[in-house]
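This report goes through the structure shown below, from its overall make-up to a few local features. Please keep the sequence and the 3D view at hand while reading.

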Amino acid sequence: MRRYDEVIDVRRGLVSGQEAPAQFLWRDRLWVVRDIIAHWVETGAWWEQPGVGVLFGEVGGAEAPRPAAASGPDRGADLLGEKEVWRVEATRPRTGAGVFDVSFDWALGQWRLVCCVD
Amino acid sequence: MDPFVHLHVASGYSLKYGASHPHRLVERAAEAEMDTLALTDRDGVYGAVRFVKACMRGGIRPILGVDLAVEPSGLTRRPSPARPGPSRVAPARGGSYRDPAGGVLPRVTVLAGSKAGWAALCRLVSATHLRGERGVPVTTLDLVGEHCAGLGSGHDLVVLLGPSSELGEAAALRRDDLAGAVLRRWREAVDPTGLVVEVVSHRVAGHGPGSSAHAARMAGVATAAGYEVVLTNAVRYAGRADAPTVDILDSVRRLVPLDVRHLDRENAEGFMKSGKEMADIADEICRFAGLGERAADRMLASTRSVADRCAVDPRADLGLGEVHLPELDIVGAGRMGPGERAAADSSLGDAVLRERCEAAIGRRYRPDQHAIAARRLADELGVIGRLGYSSYFLTVADVVDLVREMGVRAAARGSGAGSVVNYLLGISGVDPIRYGLVMERFLSPLRQALPDIDIDVESARRTEVYERILDRYSGDRCACVSMMDTYRVRHAIRDVGAALGMPPGEIDSIAKAFPHIRARDARTALRELPELRASGLGEERLDVLFSLVERLDGLPRHIAVHPCGVLLSDATLLDRTPVEASYLGFPMSQFDKDDVEDLGLLKLDVLGIRMQSAMAHAIDEVKRVDGVEIDIDDEDQAPRDDPATFAMIQAAKTLGCFQIESPGQRELVGKFAPETFDDIIIDISLFRPGPVKSDMVNPFLRARQGWSEPEYLHPDLEPTLSQTCGVVVFHEQVIEMIAVLTGCSLAEADEARRALGDREGKSSIRTWFFPRVLARGYSTAVASRCWEVLEAFASFGFCKAHAAAFALPTYQSAWLKAHHPAAFLAGVLTHDPGMYPKRLILDDARQFGIAVLPLDVNASDDVYRIEKVGVLDEPPPEVFGRAPRPAPPSGVPDGRAYGIRLSLADVSGISEAEIVRIMAARPFASLTDLWQRARPSRPVAERLVLAGGLDSIYGIGSPVPVRRRGTVTRRDLLLQVSELDRWSRATDRAVRAASPRRKARAAPPTGSPADARRFDPRTMAAAQSQAGLPPEPVTAVQLALDLDDVPALSEPSGLPEMSGAERVRAELEILGLDVSSHVVDFYAPMLSALDITWSRDLLHRRSRSELLVAGVKVATQTPPIRSGRRVVFLTLDDGTGPVDATFFEDAQGPYAATVFHSWLLVVRGELRRTGPKGVSLRATGCWELPALHAIWRRDGIAGVQAAMAVVPGGFGADHSETALHAAAESKSSRPVIAKPPSFGSGPAAGEPDDEAGPTAGGMGRRRVLVHPSGFKQSPYSDIRPAGEDPKTVPRRLWHRSPGSAG
């Protein structure tokens, strides 16, 4: 299994009856999703974020990247850092197939390719 | 409408597990257009009543259930090895896994579907809590089965086996055979129609619980075995954004810092999803399970049908709003014949009550009053009979009789004093006819609510009283009321800080910086309170901390027994409330005081009042020493017009007296100079938030002191208002005014008075009031003036009956202080009833000429005792360098014939058992003797020596440092303690080696359901008590056998005796009291150089002069005042008496932190004369005395003055009035917060952008609570201020400056 953390472009669509990423563009190459192997939601360790780290003075106040919305009651949302992950089998013409974990970050609205399983 | 129903929902009442309040969950369900919602909290139904009420408001059908841990069967996991030894008493911080042995226990959810089901559920919860260990409720399959038996088919109780049950564990192991076995086990115990499989998918990764794969496997097994399958979301928080709160709670519950491996949640899916989102989940699960097309619809349909089966009706099923009083034969059993008992019904109750009251008239009233009393009694009995409350009164009377039979002092408090029935039954000691109290304020035929009678008993014997009541009513009818301790700011900071792994020291200092406000106001307080900003808490880096702190606001964190509530009901009590054991082993309802009222259970408040204990102690001491028995309840012995008592009150020497000892009250009695018992009632009523808020005090005092004529609105009102010089003070006066002016009955008038409390009520009463008043011939001018007064005063007056009930112990305590000052102060010192530290009370005793006798192991007891001493020291010989005892000034009782002996109980760290041994084994001839027979621990022995407890044995007394050679000093004794300790350890080792180890304490009964004992909550709760065992009785108090090897006192070492300063330091550290001289004395040289004004000289200084005072902080208060600003009242004690200083907002910025967090203070201020005997200081500055002292030692007086001239920077003194009128216009009946305009650019969202007045420094952004009457109040008034409680910390008073050799 190889780990990546790269931003990709995704086109959503129906894959075997569910709404899922149908195609994605990774390193300028288009992959088409054939099947969905698993689908889950995960959260990061929000207490390890830089915004929390400054509590201990670990990160210098000035250079610490501020989370998107720094204050107010909505603070909780960006503490969540929820990601929806699809493990998909995707193919590319002439190259063959691969199994990828594709994740969607709800706070940033960003798709990433997290790992290549196979 | 959304047909989906959440059947598994944990609210915040699942302690430290759920993150949302029940009402929030209900709101969320209503938003999603759901019509039904369940609440299934962990381990109890603590939130049930609140939830049901929220549901009734939101138009949602409630379902009630409970989520219980179950003992594992061993099918799905290896049986956990029994933990060796008893469980730990103290929780282990720092990594020790706090979940029960063998990991997390399996859990099931049980739903109640009917009245019978609810009763069974309550009993199941009680039985679960009362078996096993307190606080670790674990049920068993048998117990669940037992409670399901006897019910109809699966409609009454429904058992849900979810992913955390053993079925879920089997599925996680992917063992369908085990899953089948688990199902078979449950089917044998529970009716199969009441057994339902619950699947949950939070869409986590993998195959474990919470994943769709796991849910699919469970659904597959259940469908194959023919069980209904329901879908839930195991909700722990209302909205997705609340998920981090749950992480905090998980780590708080386990006492570990946040880390992935400690948390239950893997994503934020466990919130209240909408029906559509849940349908998606159902689809996913059924697709994984391969159950076919319609399976998801079937799953949702069964969820709906289980919900329909289980929805309960709040009135019919839960009995909300019903009244359940104890059976009459229990209440009056001793007084009725067996024949009558059979016919116990309400008319019999009325008859018994009438008979008892009529019999008492002759005892309570003079013959010429009988007719009036009988008429009033007939009226009241009529009302009581119509409302059907006879049994209530008989119950309360029965309890009061029980208490009195025990020889415990008891007094009623509250509006109940207005009822002649209460007076005749002996419940109250105040005659309502004599003091003009009306019954309608207490009990009205127009109101159905149960009246409220509170009984004050001696605090020291409160648990005894509880035992007695429980004995009488048994655990089936009687339980304590519980109290949910919820997160406020300090706890929230501590818990969040610990979860985030912040350094403990930093957490502690942040938490202590806050006053005791609500957690949700944390950041608002940071903006508003200058001392918090000054300490750097406003920094942005702490923003995450405070945002998390605010999320914990109001979440329940701990259940404890309510300090006074006792539930009394009939034998069906346990069908309506589950009980668990309190810390002391009393059965305790899971509902709090508001809940039990909604449930119609009779709640009697039995309050432990320390003053009652103090008075009982004083009476005992007088009897012991003087051989005189006094009965302060007897008006012949303690007449209510005693001149000596009033002379003392007028001189404001009221420290230690009930209700009239606070700085404000001493100022008020100084001005008011009460002369009669009625005056005390008025005095107590005036010093209440209401009268202070509506400024009744000054007009009254002016009229009272004859500076202005009393004004009456109309001659008809004079009889009512003459007692208070024309000023409306009492609720009773408002009631009577309305009745006189409109001609309505008193009961109607009381309804009108209550309605005046809110805005809508006010306008409707207005339209009712004017026509009736005008029709009775009053002029429009009179009517409108009366209306103005009523409008302003109605909601703020004080109930006279309440004040009269308070006035009785107030007067009694003052009488005792005036006639037996030493005994009374000994009682106050023993039971510590007041607001001041003991050292101030001791100082007060000195001012009465009472000798303060030092600690002495041969004379001191576990309480403060009085001893007769010679008055001969007048003028006193200076024995042992002690200060002479001057005669007290006139008007103040003379206590010189007595001394107060300090108590052993105040020696820090001494145990009850050590005190018992010391008292049993004395007299002691030497330290060795004490060591061998009383067996104190080494630190306690050392402290006894240092505090002078052995001085009398060795003739140590004079603090003169150079003494005759060869005399023993405290330092010699200290050396000997260490020798004795070494010797004892050596001999102990030898003895232990020779004899076998003693057997451990017998194991407590396990209370397993196997033994066919009757379920008795009383004994089962008592078995779970966690209170310490009482000290073993001292059996052998043998004389010391003087063995040769005991180290005797060797040659005195020649070490010098402790100096006076060292002694005071030791006394403060060990006893918390400065016995031999006052702490401030040691600063005297500097203070006189600074030209400090002492308390005793304040009265002679000119008003408005600027001066300096100094002393030990004895009290800080932030009471409500009319302007709505925060005011800090500070009381210092300088050894000559108390000094009161007031910090207004302008002085708070630079100095508030010093006021709240330091103990020895110098205050600069301007003198204000407040009355003939009252002065107060308007403070303009405040400094720490030890810090100034250090400067003085270094730089001399000039340096000190220079230091005091510098004003701490960073605080403007500019204020602005903010947009208050908008809040005042608000239609709400509750106080509204008026927000000041925000700082910076543009108006923030949600804030009114009109009147963007200037704000600056100081208290710039100040919120104000605006009451409906227009009264403004600071949100920081009436809450405990920041810093530590001045009562608790005198042990730290000693300054740590170099040079005080030690």
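## Terms and model

Two strands pair if DSSP finds at least two bridges between them. Strands themselves are DSSP runs of type E with at least two residues, numbered from the N terminus. In this sense, R865(B) has R901(B) as its bridge partner in β17(B).

The model is a predicted one. For the complex, the predictor gives an ipTM of 0.83 and a pTM of 0.81. The average pLDDT of chain B is 80, and 82% of its residues score at least 70. Two stretches of chain B stay under 50 in pLDDT: residues 873-881, for which the model has 12 contacts beyond four places in sequence, and residues 1212-1261, for which the model has 86 such contacts. Where pLDDT is low, the predicted coordinates should not be read in detail.

## The two chains

Chain A has 118 residues, of which 26% count as buried. Its secondary structure comes to 2 helices and 7 strands. Starting at the N terminus, the elements of chain A follow the order β-β-β-β-α-α-β-β-β. Among contacts in chain A with a separation of 6 or more, 47% are between residues 24 or more positions apart.

Chain B has 1302 residues, and 50% of them count as buried. Its elements are 49 helices and 25 strands. For contacts in chain B with a separation of 6 or more, the share from residues 24 or more positions apart is 76%.

In soluble globular proteins, nonpolar side chains tend to be buried together. Here the largest nonpolar core has 367 residues, and L37(B), V159(B) and V549(B) have the most contacts inside it. The element that gives the most to this core is helix α36 of chain B (residues 800-819), with 12 residues. Another core, of 16 residues, lies apart from it and includes V33(A), W40(A), V85(A) and L113(A).

What does V549(B) touch, not counting residues up to four places away in sequence? V549(B) touches V489(B), A492(B), I493(B), V496(B), A519(B) and A522(B).

## A three-stranded sheet

In chain B, 3 strands form an open sheet with mixed pairing, in the order β15-β17-β16. Its edge strands are β15 (851-853) and β16 (865-868), each of which pairs on one side only. On average, neighbouring strands of this sheet are turned by 35 degrees against each other, direction ignored.

Strands β16(B) and β17(B), the latter covering residues 898-901, run antiparallel and are joined by 4 bridges. Strands β15(B) and β17(B), in turn, pair in the parallel sense over 3 bridges.

Helix α37 of chain B (residues 821-831) lies across β16 and β17 of chain B and runs at about 10 degrees to β17(B). This helix also packs against helix α38 of chain B (residues 838-847), at an angle of about 170 degrees and with the axes 10 Å apart. Because angles over 145 degrees count as roughly antiparallel, α37(B) is roughly antiparallel to α38(B). At their contact, L825(B), V828(B) and L829(B) of α37(B) meet K838(B), I841(B), L842(B), D844(B) and A845(B) of α38(B).

Helix α28 of chain B (residues 677-686) is mostly covered, with 8 of its 10 residues buried. These are F677(B), I680(B), I681(B), I682(B), D683(B), I684(B), S685(B) and L686(B).

## A buried serine in a loop

S164(B) sits in the loop between β5 (157-161) and α5 (166-172) of chain B. Is S164(B) buried or exposed? S164(B) has 25 other C-beta atoms within 10 Å; 20 or more count as buried, so S164(B) is buried.

Leaving aside neighbours within four places in sequence, S164(B) is in contact with P106(B), R107(B) and P209(B). The C-alpha atoms of S164(B) and V104(B) are 9.0 Å apart, while these residues are 60 residues apart along the chain.

Conventions: Residues numbered from 1 in each chain as written. Chains lettered and ligands numbered in written order. pLDDT = per-residue confidence, 0-100. Contact = placed C-beta atoms within 7 Å. Axes fitted to C-alpha atoms, helices over the stretch in contact; angles between N-to-C directions. Buried ≥ 20, exposed ≤ 12 C-beta atoms within 10 Å, placed from the backbone. Core = buried A, V, L, I, M, F, W, Y, C linked by C-beta atoms within 7 Å. Parallel < 35°, antiparallel > 145°, perpendicular 65-115°, else oblique.
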